[in-house]
Amino acid sequence: MAPALRLAAALLALAGPALAQPARDSLTIGITQYPSTFHPNIDAMVAKSYVAGFTLRPLTAYAPDWQPTCLFCETLPTIENGLAVRETAANGRPGLRLTYRLREGLRWGDGTPITGEDLRFAWEAGRNDATGFGAAEFYRSAYELIVVDARTITLRFDKVTFDFASVGDFKPLPAHVDRARWEADPRAYRTRTAYDTETTNPAIWNGPYRIAAVQPGAGVTLERNPLWGGAAPAFRRIQIRTVENTAALEAQLLAGQIDMIAGELGLPIDQAAALQRRTGDRFRFEYHPGLIYEHLDINHDHPALGDRRVRQALLMALDRAQIVARLFDGRQPVAHSSVNPLDPMHAEDVRQWPHDPARAAALLDEAGWRRGPDGIRRNAAGDRLSIELMTTAGNRSREQVQQVLQAQWRAAGIETRIRNEPPRVFFAETLSRRRFQGAALFAWISAPESVPRTTLHSDEIPRAERNWSGQNFGGYRNPELDALLEALPEELDPDERRQMFARLQAIYSRELPVLPLWFRSDAHIWPTWLEGVRPTGHLNPSTLWAEEWRVRP
Amino acid sequence: MAGAALILRRLAQIAITLAILSFAAYMLIGLMPGDPIDLALIGDPRLTAGDAARLRALHGLDQPLLARYAAWAASVLRGEFGYSRLFAVPVADVLWPALRSSLALLGGALAIAATGGVALGVLAAARPRSAGFVDAIAVIGQAMPSFWLGILLIILFAVTLGWLPAGGSAEDGGSALRFLVLPVATLAIANVAAYARHTAAAMTATLTEPWIRTARAKGASRTRVLWRHAFPNAAVPILTLAALDAGALVSGAVVTETLFARPGMGKLIFDAIMGNDYNLALVALLLVALVTMLATLAADLAQRALDPRLA
């Protein structure tokens, strides 16, 4: 199916312009995924986050400038303002006590005030394993929630981490609607919640918009929430249409059926760039770098790849800047470590490995891999420098990149064998059981100021005795890095933390536990009459600030 | 009496086939490497190994496959089809909208394809000089992939002329037909060839039969000879083709549904299998199998009615 639809995309590129007459009090957005549930805490999906940004607000979020900010709270707790207090937790370890005060006038869509009881319900449901919420570390570590008054809560944590104020994506749940269903049977709550059985009930939404209609698998219709207390949103109605195939999505944009394509779930960069070239100034395009980090995981048990000099040579043999320029229209920043340049913890002086075939050759010679008669390098024992390069089958972009990597490594005397697998086999079997023999091309999604413990700490190497848990698939071990990864989350002083992040990036860029490629960018495509959309590039979508979206006068 | 026995025997065969099919499908889905929780681990940086183990237990993915199948089969025999794991709603709530969409799309397309194909096939048989023209249409229809044809229709009628929507489905019932035109045309053109070729072959053979010559000798009109005498005798292979196509009515058309962004059975079944949504995938697959087998039975009965020698 995929090649057929790819050809369809190419054909669509030949299409001419369409006539469109958008209505200015409504906005139609195209995205490529449909939410599997509308409950904010069950299953993490980008499509759900995107819709929830219009309709539900968390206590805090990372703003478009990547700094944590209050959405429903009045003030972010800090040690300095006294809303965060160090204490000894119930388990005897260092802990934290945080106090949040809800903004005045917050209401659910039926007029019921949002109170600490709604936060207590969300917390109780999250702490109960039977409820089936996804990531549960926040609920585990927040071992006590005290409702001080209707608008004030105190949370007690059994650990100290620098990102304490952001409290994950903790958000109130409508206790007056859902608590009785949850208490009746927590195990069945995920199928009985009003978010999926009464999705158009205004009482479960609290954002500037509420869901007014659902077209299963096809779209969601939003209408203004008349009880929203913040700035009034510009559009009376927002239609979010799901079009999974990007060629069809592009066709609907050109035909005027949709006004914009969300960058969070839209066209791949190369398709967006081609569309921009064809349509000129008919739409506004913004390419926003994000936290999706494309890289090559390296199997450190490989006889050659365990040698740092070989990894450095592999990276210098690649012309990543040229690959980005040719395949992605130059729209994606080349990565030099796992820390995104937009991240406040990014170190400007991180070591870089520009394309340098001569230095790559010298390093390989030094490591004992010399060119043989067929151009492929061999060590003293006569073993060929041959690595297997794997990625997710069917991902056209990665398969193209693979071809270029193979050619550039071939020029450096490195033999590359390509072997691809469907994503579920690749991730669930080959990577997690460390069955890849050389390099694996895929992406990590992270968050601002993310500490890469799960992917780099030696405790996180998947092993049979740990039931293959952990994501250090390459098997990288570095005691210095381990110590840093353990100390970093507990460092509350931002300046000290910046130093530690700089150290982490220095080790990363020198040792190259994985080979950094680039950070993926989102292609946001807007009508020329729309303004105020602020792409974030991280897990909090632009829709969390939808009330700022305006029709250009 | 013989007809009733046939029906009872065939219904028993259908029940056994469905039971075997459900077991085979459940095992095949269950034996696929990995599960959705593995993929979720890659997509959600906050999900820990402990979360994954907890979610697997909650979804029953940590149980042996045979035990899970036994529990599922027991529920189905009690008439409980369960909840879709992917959509968090009862299976029927996901299935029926998709089924309605596929029935509208494929029902329309197959009706047009059958009507047009039969007309073209009869034309080719009745007027041999037009056979080349019909052959050309059949070859073009059969050779042109639906994604290619679909995108050409979108470019012409939606993007360039702006007459019809490029895809999606109507939010209200008012303009639903406009959204159906292009996908129905795409599928109908692709399917018309098979009906035209089968009809032309069957009619050409039938028109050479001695009893057709007799009918003509008795002074029957050309129309009467074609439609009253020849067509019922040529209809047996067309009925077989239609019966096989009946399964497609409920199994959807993945490429066309994806290209025109219509949520239908094809895409639903694909997503359910890939997402290990056993309840949804099995009910959908069994529904497809049941409709196909019932349609085949109906075709057999119709063939016996048309040709008593088969009874």
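## Contacts of chain B

In this predicted model, the contact between the two chains takes 54 residues from chain A and 49 residues from chain B. On the side of chain B that touches chain A, at least two residues each come from α2 (36-43), α3 (49-58), α5 (91-126), α7 (146-160) and α11 (254-259) of chain B. The most is given by α7(B), with seven residues.

Chain B is assigned domain 1 (2-77) and domain 2 (96-310). Their centres, taken over C-alpha atoms, are 32 Å apart. Each of the two domains of chain B brings 13 residues to their contact. On the side of domain 1 of chain B that touches domain 2 of chain B, helix α1 (residues 2-31) of chain B gives the most, with ten residues.

Within chain B, the axes of α5(B) and helix α10 (residues 222-251) come within 11 Å and cross at roughly 150°. Because angles over 145 degrees count as roughly antiparallel, α5(B) is roughly antiparallel to α10(B). Their crossing is right-handed. Residues making this contact include B:L103, B:L110 and B:V118 of α5(B), and B:F231, B:I238 and B:L249 of α10(B).

The residues divide by class as follows.

| Side of domain 1 of chain B that touches domain 2 of chain B | eight residues | three residues | two residues |

Technical notes. Residues are numbered from 1 along each chain as its sequence is written. Chains are lettered from A and ligands numbered from 1 in the order in which they are written. This is a predicted model: local features need pLDDT of at least 70, side-chain atom pairs count only at pLDDT 80 or more; totals for chains, interfaces and linings use all residues. Two residues are in contact if their C-beta atoms, placed from the backbone, lie within 7 Å. Helices (H or I, at least four residues) and strands (E, at least two) are DSSP runs, numbered from the N terminus. Domain bounds come from an automatic or database domain assignment. Ala, Val, Leu, Ile, Met, Phe, Trp, Tyr, Cys and Pro count as nonpolar, Asp, Glu, Lys and Arg as charged, and the others, Gly among them, as polar. Axes are lines fitted to C-alpha atoms, for helices over the stretch in contact, and angles run from 0 to 180 degrees between N-to-C directions. Angles under 35 degrees count as roughly parallel, over 145 as roughly antiparallel, 65 to 115 as roughly perpendicular and the rest as oblique. A crossing is left-handed if the near helix is turned anticlockwise from the far one by less than a right angle, and right-handed if clockwise.
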